[in-house]
Amino acid sequence: MKGVYNLIMVFFALALMFSCTDKQDFNQIDDLEITPTYETSVFYVKAQESIINRINGVSFFSQDFNFDAFAEPFFANRVLSGVLTYELENTTSKPIEIILEFLDENENILDTEIFRTDAAPTSTLTRDVAYGPTGKNLEIIRNTSKIRLNATNLGDNTSASSLPDPAIILRSSAKFTLEVR
């Protein structure tokens, strides 16, 4: 019986030695591709109707926002795609137009987004703008150093909304997917 036991142990030892195993490849880390997604707020602008009514003329807001998202080469060289999301709320008694201009370092216009909303009551306008393989050219975002926002009152300067705290609110966020090797 002891001989059969030893024979079985030898058989198992040989089976383990000659079993089907792949040669270990410790260079697989070189093939690893990680694509994290980063999300951030870009800007938030709010203007009360009382302020809009005090401005002479129809243009009531103009501001440049610094946009250095791609100033760092690590980020700029690895971005695969991105989405800028805008939300526009208008609880004022005025129709509003907002123009966003994407400018390079020399203030050349690379792209423009135009938003128009009627006087309240309106629903929140949401717009997603894709950049990369399924949207606009990614170079627009890569080369943008400044975003210029101009808001225009398309109505009068005397009417007032019956809603509490009437205002125009524009907020935006960005979500970018990177390739990290």
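Is Val 45 buried or exposed? Val 45 is buried, with a relative accessible area of 10%. Here buried means under 20% relative accessible area, exposed means over 50%, and partly exposed lies in between (1.4 Å probe, protein chains only).

A word on the source. This is a predicted model, in which local features need pLDDT of at least 70 and side-chain atom pairs count only at pLDDT 80 or more, while totals for chains, interfaces and linings use all residues. Residues are numbered from 1 along each chain as its sequence is written, and side-chain values use heavy atoms, with hydrogens and water left out.

Back to Val 45. This residue sits in strand E1. Helices (H or I, at least four residues) and strands (E, at least two) are DSSP runs, numbered from the N terminus. Leaving aside residues up to four places away in sequence, Val 45 touches Phe 61, Phe 65, Leu 149, Ile 168, Ile 169 and Leu 170. Contact means heavy atoms within 4.5 Å. Take Leu 149: it is 104 residues from Val 45 along the chain, and the two C-alpha atoms are separated by 9.6 Å.

Now the charged pairs. A salt bridge is a side-chain nitrogen of Lys or Arg within 4 Å of a carboxyl oxygen of Asp or Glu. The whole structure holds 15 salt bridges. One of them pairs Glu 39 with Lys 175, with the closest N and O atoms 4.0 Å apart. Glu 39 is exposed, at 55% relative accessible area. Lys 175 is partly exposed, at 40%.

Which residues pair with Lys 136? Asp 111 does, with the closest N and O atoms 2.7 Å apart. Asp 111 lies in strand E5 (residues 109-117) and Lys 136 in the loop between strand E6 (125-131) and helix H4 (138-143), so the pair ties together parts that are 25 residues apart in sequence. Glu 113 also forms a salt bridge with Lys 136, its closest N and O atoms being 2.7 Å apart. Glu 113 is in strand E5, so this pair ties together parts 23 residues apart in sequence.

Asp 111 is buried at 12%. Glu 113 is buried at 7%. Lys 136 is partly exposed at 27%.

One network remains. Salt bridges link Asp 64, Glu 107, Lys 146 and Arg 148.
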